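Let's take a walk through this structure, one neighbourhood at a time. Have the viewer open and follow along.

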Amino acid sequence: MSSIWRQECDMPGFEPARGELRTDVLVIGGGIAGLLCAHFLRQSGVDCLLVEAGRLCGGVTQNTTAKITSQHGFVYHTLVPRFGTEGAGIYYQANQWALAEYRRLCAGIGCNFSPVDSFAYSRQDAAVLEREMAALSAIGAAAERTEDVPLPIPTAGAIRFPDQAQFHPLKFLSAIAKPLNIREHSPVRTLAPGLAITDQGRIRAEAIVVATHFPILDRHGGYFLKLYQHRSHVLALENAPALRGMYVDGEGDGLSFRMHRGQLILGGGSHRTGKSGGGWAPLEAFAQTHYPRSAVRARWAIQDCMSLDAMPYIGAYSRQARGLYVATGFCKWGMTWAMAGGKLLSDRILGRDNPWAALVSPSRSMLRPQLAVNGWEAALSLLTPSAPRCPHMGCALKWNPQEHSWDCPCHGSRFTRKGALLENPAEGDLKNPPEK
């Protein structure tokens, strides 16, 4: 099970970190967020080292649907009451800046960058389209409502964002990575102020950026309360009718569509990690019904960190951890937020002002309804009698019959049938995996 991005591109390889190393900035995590942060730091002349536990882009980044857009479903009508019109406008501006930066960088990289319109559709609720358009009008976003939605399902219409983009993420990141100072196969086992300890050495740095999808340090920041994880599934279909543009269900629980080199990338089957439902089955059934001549070329799944309020956490790790920074909680829209986040963190480390910093600060209020949901889920799991327990914080693991894995409903760690770690925040394998 590998994505078409992984099938079509090999990332460059790097040696492990060994011995005593020193750098101005250490970036932990070799996905898109870490690589773009290191890229911006290098562009500013900063001595920067990036370390990755396995291979570059071997986690979430290789499984994206690779849409570069400021249209994140129907998010803006929820942002306005939470953060005001100004805050929702900053959200839009940060993502539009990221889109423009991709356009600039991709001009010199062969990564299938293609300008396309983006559409968020509603299956039944015309009122939500009106609310979203009102919010977009209030912040001055370039968007329009349309009834022309060329999908094989009935809709109540859609909202179009013009001149967005799609690309091949690994071809892009392969080019970004080549000039960087990178060490692979170097998991960070211990973090202390100005120090990271790996299996084969120690790295001292003035500043440290944690870009590991789910943050690896639990004693600061409360990320085990501020984040939960969500899984989505993807099929790449050959011989399906071509679509112009990118499409996503605006409420987030339906299907997404985009093309890549004549293949239809069909996404959906979403569910909270460790919960039942979703998977590839509904996607396969949809394809059989609506694209009966199509064939599945690839299938994969992606896991996303979700914040309490649809806003990512990018900035200082916590008020208590000086010199430590984080980028996480992209809520399924990591392409643009990784780009904006890399620039923001570079600015913070260099002492520059950034107009997005306050909005996405990890130290903002946690008092959101999702916090109670996360706490309740954790309490239920901790009280569930079960043999397999997650080594992260002791929650009861659930068997995932579709992907043949043990999944944690609290924080999203995942393990193979034999107990090997698949997804963090857990840092190691299961010691005594049950028979399954």
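Start with Ser381, which sits in helix H9 (residues 369–383); helices here are DSSP runs of H or I with at least four residues, strands are E runs of at least two, and both are numbered from the N terminus. A word on the ground rules: this is a predicted model, where local features need pLDDT of at least 70, side-chain atom pairs count only at pLDDT 80 or more, and totals for chains, interfaces and linings use all residues. Residues are numbered from 1 along each chain as its sequence is written, and side-chain values use heavy atoms, with hydrogens and water left out.

Back to Ser381: it counts as buried because its relative accessibility is 4%. Buried means under 20% relative accessible area, exposed means over 50%, and partly exposed is in between (1.4 Å probe, protein chains only). Leaving aside neighbours within four places in sequence, Ser381 is in contact with Arg389, Cys395, Ala396, Pro409 and Cys410, where contact means heavy atoms within 4.5 Å.

Next, look at the sheet. Four strands make up an open sheet, in the order S18-S19-S20-S21, with antiparallel pairing. Two strands pair if DSSP finds at least two bridges between them. In general, strands of a sheet pair through backbone hydrogen bonds, either parallel or antiparallel. At the edges you'll find S18 (398–400) and S21 (421–423), each pairing on one side only. S18 is joined to S19 (residues 405–407) by 3 bridges, and the two run antiparallel. Across that pairing, Trp399 stands opposite Trp406 in S19.

Now for the helices. How closely do the axes of H2 and H5 approach, and at what angle do they cross? The axes of H2 (residues 32–43) and H5 (residues 169–177) come within 10 Å and cross at roughly 40°. Axes are lines fitted to C-alpha atoms, for helices over the stretch in contact, and angles run from 0 to 180 degrees between N-to-C directions. From H2, Ile32, Leu35, Leu36 and His39 meet Phe172, Leu173, Ile176 and Ala177 in H5. Those contact residues divide into 7 nonpolar, 1 polar and no charged; Ala, Val, Leu, Ile, Met, Phe, Trp, Tyr, Cys and Pro count as nonpolar, Asp, Glu, Lys and Arg as charged, and the others, Gly among them, as polar.

H5 is largely enclosed by the rest of the structure, because 7 of its 9 residues are buried. The buried residues are Pro169, Leu170, Phe172, Leu173, Ser174, Ile176 and Ala177. They pack against H1 (4–8), H2, H3 (76–106), strand S7 (182–183) and H8.

That brings us to H8 (residues 334–349), where Trp337 has its place. Trp337 counts as buried because its relative accessibility is 2%. Not counting residues up to four places away in sequence, Trp337 touches His72, Tyr91, Ala94, Asn95, Met311, Pro312, Ile314, Phe330 and Val360.

Let's follow His72 out of that list. His72 is found in the loop between strand S3 (67–68) and H3, and His72 is buried, with a relative accessible area of 6%. With residues up to four places away left out, His72 touches Tyr91, Asn95, Trp333, Thr336 and Trp337. His72 and Asn95 are 23 residues apart in sequence and 9.8 Å apart in space, C-alpha to C-alpha.
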